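Here are some comments for you to read beside the structure, with the helices taken one after another. Please keep the sequence at hand as you go through the points.

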Amino acid sequence: MTTHVKVEKEADLEKLISDYGPSKYLDIVRAMQWARHLRRQEEYRNVPMAELIDRALFDVVSGKIKIAEIEAAVTADQALEEKLFSKRSDEPRKPRVVKEL
């Protein structure tokens with residue numbers, strides 16, 4: 001079962017972006033960061049990335065999500081990545097010995 005997130009109206013998103021202020025390009029980067037954060041959440045795992053990007057753009061441009069929330073989410077995601085990376089070993093695994101019956 002897939003969950004689809006639909007932007008309220010595609011025309012609304014286009015209008016918001018075109019009428020947006022000078023921080024448009026920085027906020028687009030923030031929207032991409034927010035989309036990557038959403039992708040990590042269980043409820044959005046099966047949603048296509050294109051839909052997540054639309055949702056994230058709408059959330060950022062409409063002011064639904066605040067910059068501080070995005071920065072906190074990105075920091076938390078980076079900490080999680082570092083933790084996972086530290087658990088990974090660069091050394092090859094030793095082959096398992098399987099006993100014959």
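1. The expected span of a helix is 1.5 Å times one less than its number of residues. In this predicted model, helix H3 covers residues 49-62, which is 14 residues, and the distance from its first C-alpha to its last is 20 Å, close to the 20 Å expected.

2. Which residues of H3 are buried? They are Leu52, Arg55, Ala56, Leu57, Phe58, Asp59, Val60 and Val61, and after the helix comes Gly63, whose phi is positive, near 85 degrees.

3. Helix H2 (residues 24-40) packs with H3 at an angle of about 125 degrees, and the axes of the two are 8 Å apart. An angle of that kind makes H2 oblique to H3, and their crossing is right-handed.

4. In the contact of H2 with H3, residues of H2 including Ile28, Ala31, Trp34 and Leu38 meet residues of H3 including Leu52, Ala56, Leu57 and Val60. By class, this contact has twelve nonpolar, no polar and five charged residues.

5. H2 also packs with helix H4 (residues 67-87), here at an angle of about 50 degrees and with the axes 10 Å apart. H2 is therefore oblique to H4, and the crossing of H2 and H4 is left-handed.

6. On the H2 side of this contact are Asp27, Arg30, Gln33, Trp34, His37 and Arg40, while the residues they meet in H4 include Ile70, Val74, Asp77 and Leu80. The residues of the contact of H2 with H4 divide into six nonpolar, two polar and seven charged.

Technical notes:
Residues are numbered from 1 along each chain as its sequence is written. This is a predicted model: local features need pLDDT of at least 70, side-chain atom pairs count only at pLDDT 80 or more; totals for chains, interfaces and linings use all residues. Side-chain values use heavy atoms; hydrogens and water are left out. Helices (H or I, at least four residues) and strands (E, at least two) are DSSP runs, numbered from the N terminus. Buried means under 20% relative accessible area, exposed over 50%, partly exposed in between (1.4 Å probe, protein chains only). Axes are lines fitted to C-alpha atoms, for helices over the stretch in contact, and angles run from 0 to 180 degrees between N-to-C directions. Angles under 35 degrees count as roughly parallel, over 145 as roughly antiparallel, 65 to 115 as roughly perpendicular and the rest as oblique. A crossing is left-handed if the near helix is turned anticlockwise from the far one by less than a right angle, and right-handed if clockwise. Contact means heavy atoms within 4.5 Å. Ala, Val, Leu, Ile, Met, Phe, Trp, Tyr, Cys and Pro count as nonpolar, Asp, Glu, Lys and Arg as charged, and the others, Gly among them, as polar.
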